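Student: Hi! Could you walk me through this structure while I have it open?
Tutor: Happy to. Ask away as you look around.

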Amino acid sequence: MNAAEWMPIVAVAGAIGLASGSFLTVALDRVDSGGTILRGRSRCPSCKKSLRWYELVPLASFMWQRGRCRSCGTAIPLWYPAIEATLGLALVGVLVAGALGTLLPPPFRDPLPLSPALELPAFIPGIADLLYYGFVAVCGAAIAFYDLRRLLILPQPTWALAALGAFAHAMRAYQAGSVIAIVPAVAAAAAIFGLFWLLWFLSRGRGMGRGDADVAFALALAIGFPGSIVAIILAFWFGAAYGILALAFRRIRWKSEVPFAPFLVLGAYAAITIATTAALWTGTYGW
Ligand SMILES: [Zn+2]
């Protein structure tokens with residue numbers, strides 16, 4: 001495929017990412033204020049005025065309005081466009097990785113039996129993988145941004161990730177005709193949960209939150225083995241690098257509570273990217 005054929009596909013993936021980011025900002029705000037996620041119109045959190053459609057265009061509205069509400073002029077928090085941009089990029093990344101045919105761990109490494117039956121176009125090598133990693137991106141962003149904002153782990157996206165991972169492993173065992181194929185991934189996820197639980201227990205919740213163990217477990221299950229191990233090691237490196245820099249620039253103190261889930265999500269995405277790059281270099285498939 002050449003660039004001209006690629007552009008519309010990349011644009012659609014980016015648009016879906018931006019739209020899910022936009023939905024996510026609203027959903028997180030409503031969870032925060034104890035409201036329902038799916039009902040009611042979007043409002044300015046400050047002046048409560050209903051937003052028109054042209055105030056809801058991801059990124060563009062923020063830039064056009066110079067980051068302020070059109071009615072009351074209250075500054076729109078920066079994390080709104082940040083979530084939208086993150087998911088836009090994540091979904092484009094997932095699509096490019098998928099379309100390059102390097103589709104990743106664990107679940108659908110072999111083409112789904114579904115794909116030939118649906119006669120999917122040849123340039124979509126694994127629509128299931130795209131949906132899979134798109135969903136991982138959305139849940140990961142929800143967990144990371146909520147933890148950054150409130151130092152709390154949202155249970156819904158965490159358990160959604162774990163359920164998705166469990167489903168993928170069940171599929172894999174079914175395709176392989178044996179549960180032995182999924183033992184390493186499940187054992188690694190259990191060991192990772194144990195490690196984080198211990199860190200929480202031994203530090204009496206100061207070094208690590210109890211929710212971080214759930215997030216680490218859910219991500220490990222979703223990305224499989226050995227990616228999960230790579231992801232956790234990278235998460236600690238990212239966390240340590242941030243801690244050293246933040247201390248050096250006096251942004252935090254020794255006893256500050258720093259959210260860890262964003263580093264776990266970042267580690268997971270870095271691990272997926274490494275697998276893709278390695279597959280491109282070596283011409284192999286997956287982990
Ligand atoms: Zn307003």
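Student: Let's start with Leu266. How does Leu266 count by its C-beta neighbours inside 10 Å?
Tutor: Leu266 counts as partly exposed, because it has 19 C-beta neighbours inside 10 Å and a residue needs 20 or more to be buried. Keep in mind that this is a predicted model.

Student: Where is Leu266 found?
Tutor: Leu266 is found in helix H10, which covers residues 261-282.

Student: And what does Leu266 touch, not counting residues up to four places away in sequence?
Tutor: With those set aside, Leu266 touches Ala235 and Phe238.

Student: OK, zooming out. How many helices and strands are in the chain?
Tutor: The chain has 10 helices and 0 strands. Of its 287 residues, 36% are buried.

Student: What share of the contacts with a separation of 6 or more comes from residues 24 or more positions apart?
Tutor: Those residues account for 70% of such contacts in the chain.

Student: Now the inside. Which residues have the most contacts in the largest nonpolar core?
Tutor: They are Ala142, Ile143, Ala216, Leu219 and Leu264, in a core of 58 residues. Helices H1, H3, H5, H6, H7, H8, H9 and H10 each supply at least two residues of this core.

Student: Which helix gives the most to this core?
Tutor: That's H5, with 12 residues.

Student: You mentioned Ala216. What does Ala216 touch, leaving out residues up to four places away in sequence?
Tutor: Ala216 touches Ile192, Phe193, Phe196, Ile232 and Leu264. Ala216 is also one of the H8 residues in the contact with H7.

Student: Good link. At what angle do H7 and H8 pack?
Tutor: Helix H7 (residues 183-202) and helix H8 (residues 210-223) pack at an angle of about 165°, and their axes are 8 Å apart. So H7 is roughly antiparallel to H8. Their crossing is right-handed.

Student: Which residues make that contact?
Tutor: From H7 they are Ala188, Ala189, Ile192, Phe193, Phe196, Trp197 and Trp200. H8 brings Arg210, Asp212, Ala213, Ala216, Phe217, Ala220 and Leu221. By class, that gives 12 nonpolar, no polar and 2 charged residues.

Student: What about H7 and H9: roughly parallel or antiparallel?
Tutor: Their axes come within 9 Å and cross at roughly 25°, so H7 and H9 are roughly parallel to each other. Ala188, Ala189 and Ile192 of H7 meet Ser228, Ile229 and Ile232 of H9. This contact has 5 nonpolar, 1 polar and no charged residues.

Student: Switching to the backbone. Where is there a cis peptide bond?
Tutor: A cis peptide bond joins Phe225 and Pro226, with omega about 0°. Pro226 is found in the loop between H8 and H9.

Student: Which residue other than glycine has phi near 55°?
Tutor: Leu151, and that is a positive value. Leu151 is found in the loop between H5 and H6. Leu59 isn't a glycine either, and has a positive phi of about 60°. Leu59 is found in the loop between H1 and helix H2.

Student: Last one: how many C-beta neighbours inside 10 Å does Leu59 have?
Tutor: Leu59 has 15, so Leu59 counts as partly exposed. Leu151 has 14 inside 10 Å and counts as partly exposed too.

Note on methods:
Residues numbered from 1 in each chain as written. Predicted model: local features only at pLDDT ≥ 70, side-chain atom pairs only at ≥ 80, totals over all residues. Axes fitted to C-alpha atoms, helices over the stretch in contact; angles between N-to-C directions. Helix = DSSP H or I, 4+ residues; strand = E, 2+ residues; numbered from the N terminus. Parallel < 35°, antiparallel > 145°, perpendicular 65-115°, else oblique. Left-handed = near helix turned anticlockwise from the far one by under 90°. Contact = placed C-beta atoms within 7 Å. Nonpolar A, V, L, I, M, F, W, Y, C, P; charged D, E, K, R; others polar. Buried ≥ 20, exposed ≤ 12 C-beta atoms within 10 Å, placed from the backbone. Core = buried A, V, L, I, M, F, W, Y, C linked by C-beta atoms within 7 Å.
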